[in-house]
Amino acid sequence: MNELAPPGRRTAPAPAVASLAAPAPLPGGPGLRLPFRLAWRQLRHEPARLAAALSGVVFATLLIFMQIGFMNALFDSAVLVHNSLRAELFLMHRTTEALWRSASFPRARLAQALAVPEVERVVPLYVANVPWKNPENGLNRTLLLFGVDPNARLLGFDGLDDAAWAAITRPDAILFDARGKPEFGPIQHLLADGPFFGELNRKRVEVAGTFGLGATFSSESNAIASEATFWRLVPGRTPGQVDLGAIVLKPGADVASVKRSLAALLPDDVVVFTRAELARFERDYWANVAPIGFIFGLGVAIGLVVGCVIVYQILFSDISRHIGEYATLKAMGFTNGYLARVVMSAALILAVLGFIPGLLLSLGLYEIASARIFIPLHMTISRASFVFALIFVMCVVSGLIAIRKLRDADPADMFR
Amino acid sequence: MNAVEIRGLSHRYGSGPTALTVLHGLDLVIPAGEIVLLTGPSGSGKTTLLTLIGALRAVQAGSCRVLQQELAQADERTRVALRRRIGFIFQHHNLLGFLTARDNVAMALELAPDLEEAERLARAEAMLAAVGLADKAHAYPAVLSGGQRQRVAIARALVHEPGLILADEPTAALDSKTGHETMVLLQRLAKEFGRTVFIVTHDPRIRDIADRIVAMEDGRLVEPAAT
């Protein structure tokens, strides 16, 4: 018999008895406010660690913004030409992968297209990569030359007014891209004194005016010439071989049904695209065929993984270093769910506090990139929201992994 | 009314031939309002008993009723609920380093979500004043002395009006004078508020605060050695 009889002395006033008698029900959800506040107080208490954690999130944010920014700038610039073409349907050789490296098809296909009653007119477009000699330092640099009938008004680039089109009806006259990279020479400055002569593909040309397109990922600058000038400048190109055929429909024509008619009519060495399909085709080339889309996607993934590792490391070591405190809280009756909410709150605080400076820094870098490499990077609400969503998920995942460490907080260990 | 009623409580660690039985069918009753000291050599099973009473471990065999709650076959949820009605004082104060003394004490009240924040803080401050630390309410544990920290821990263990206070070697990290003062303070407050206190210790200097002393040896309760 081990029982020890309690002594007669009893000193139990009301409060203790009340507390003894009523088994308190376990409250439902303890809410989010208190765990959130606890997480914030814990993070705030060690500013240096908080700064280290935030720098990881900022880094990930920055990396993702830059990758997505460059990727979208690539896509935007790649389809800039396509989106400014003033026609409804387009013919391309079946094996063409992208405009700048197109395979040409017989011009006769365009003539055949005229057989469809809804077709008003057809416009052939020729493209070639040719070297331009910088008039200042004599260095050659490749640009993309478009050859097109000036009267067709096919290209809708900025600054292509009637005077500009009229200027290149003269033989050996070209229009130069004023938004191309500066390495091509101070074109606009030279033009201030009127048309000047330069060397394109080792042939003398007259620069008669400018337009605005800008560098793309496939070309650093651009120029436009009439068809006759184009054939003279690019040896081996004949009028019979077209790179892109534009088909202008009569007003009110149903684009989809004309496309079907053309596809049925024409041999299968050419494909028929609407403008949206043409732009998508070009975009898909850059996204998939050129490995550039993959590379940028990989960059985003690496940013996320690095951010995940850093946030996880911080959360994990915070739990490890405070394991006794977490165990104490468990002993006091705090549930695993409550403590998990504390960890998740910490993850969310890191996501928000790291994203904001990351966004601001990215805005600055976008400005610098646009000014330095002449490829415009745009920050949009949807892009910022998308990146925040990625960062948010990154921090949540890190938090969920770190929470497993909470299981090690055994309150029974506190008595030892 | 009894705060703790234990009948035939056994406990062992491990299983099979290597299993180590640390408690052998204990019986123990602690009436409400009493201060009970449990002494005994290391390895006698004191701490295991304390963690069972504190609902920190699942009961394996026997009956353990704490604050009218049977802990045999109790699930984790029941045990967590019971722990909220117990005040714990640890060997090493175990205060949260990133919270002020007042906020540490108020943590014990955060388990009652419908309590107003102002009420929570007022009760925490009142309890700090009761342990003589009214002026340290906004100090972080790092700047407090060992004795002060343990007094904050006592305030935390008392503030939510628990039916039972469990303490594990509460004087182990303190010098003898501070340790005794702290325990006298605990005794005074327990009597003032009518709390039941169960202290595991092998500090002979604090025997005087107990209403009753029980001793353990090899997993069995024994008559305490005379002082």
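This is a guided tour of a predicted model, stop by stop, with something to select at each one.

Before you start, note that residues are numbered from 1 along each chain as its sequence is written, and that chains are lettered from A and ligands numbered from 1 in the order in which they are written. Because the model is predicted, local features need pLDDT of at least 70 and side-chain atom pairs count only at pLDDT 80 or more, while totals for chains, interfaces and linings use all residues, and side-chain values use heavy atoms, with hydrogens and water left out.

**Stop 1: the domains of chain A**

Colour residues 30-75 together with 292-415 of chain A as domain 1, and residues 95-267 as domain 2; these bounds come from an automatic or database domain assignment. The C-alpha centres of domain 1 and domain 2 of chain A lie 49 Å apart.

**Stop 2: a pair of helices**

Select helix α3 (residues 47-78) and helix α11 (residues 292-321) of chain A, whose axes come within 9 Å and cross at roughly 170°. Helices here are DSSP runs of H or I with at least four residues, strands are runs of E with at least two, and both are numbered from the N terminus. The axes are lines fitted to C-alpha atoms, for helices over the stretch in contact, and the angles run from 0 to 180 degrees between N-to-C directions. Which way do α3(A) and α11(A) run relative to each other, roughly parallel or roughly antiparallel? They are roughly antiparallel, since angles over 145 degrees count as such, those under 35 as roughly parallel, those from 65 to 115 as roughly perpendicular and the rest as oblique.

By class, the contact of α3(A) with α11(A) has 19 nonpolar, 8 polar and 3 charged residues. In this count Ala, Val, Leu, Ile, Met, Phe, Trp, Tyr, Cys and Pro are nonpolar, Asp, Glu, Lys and Arg are charged, and the others, Gly among them, are polar.

**Stop 3: aromatic rings**

A search of the whole structure finds 16 aromatic pairs over all chains. Rings of Phe, Tyr and Trp (its six-membered ring) pair if their centres lie within 6.5 Å, and planes under 30 degrees apart count as stacked, over 60 as edge-to-face and the rest as tilted.

Show Phe65(A) and Phe355(A), a tilted pair at 5.9 Å centre to centre with 40° between the planes. Phe65(A) lies in helix α3 and Phe355(A) in helix α13 (residues 336-373) of chain A, so this pair ties together parts that are 290 residues apart in sequence. Both Phe65(A) and Phe355(A) are buried, a term for residues under 20% relative accessible area, with exposed meaning over 50% and partly exposed in between (1.4 Å probe, protein chains only).

Phe157(A) belongs to the loop between β4 (140-148) and α6 (162-167) of chain A and Phe211(A) to strand β7 (residues 203-211), 54 residues apart. Phe157(A) is buried, with a relative accessible area of 5%, and Phe211(A) is buried at 2%.

**Stop 4: positive phi angles**

Most residues other than glycine have a negative phi. Select Asp172(A), which has a positive phi of about 60° although it is not a glycine. Asp172(A) sits in the loop between α6 and β5 (173-177) of chain A and is partly exposed, with a relative accessible area of 26%. Then turn to chain B and select Ala55(B), likewise not a glycine, with a positive phi of about 60°. Is Ala55(B), which has a relative accessible area of 0%, buried or exposed? Ala55(B) is buried, and its place is in the loop between α1 (46-53) and β4 (61-66) of chain B.

**Stop 5: a mostly covered helix**

Return to chain A and select helix α12 (residues 323-331), where 7 of the 9 residues are buried. Among them are Glu325(A), Tyr326(A) and Lys330(A). After α12(A) comes Gly333(A), whose phi is positive, near 110°.

**Stop 6: the end of the tour**

Finally, select Ile401(A) in helix α14 (residues 381-403) of chain A, which is partly exposed at 34% relative accessibility.
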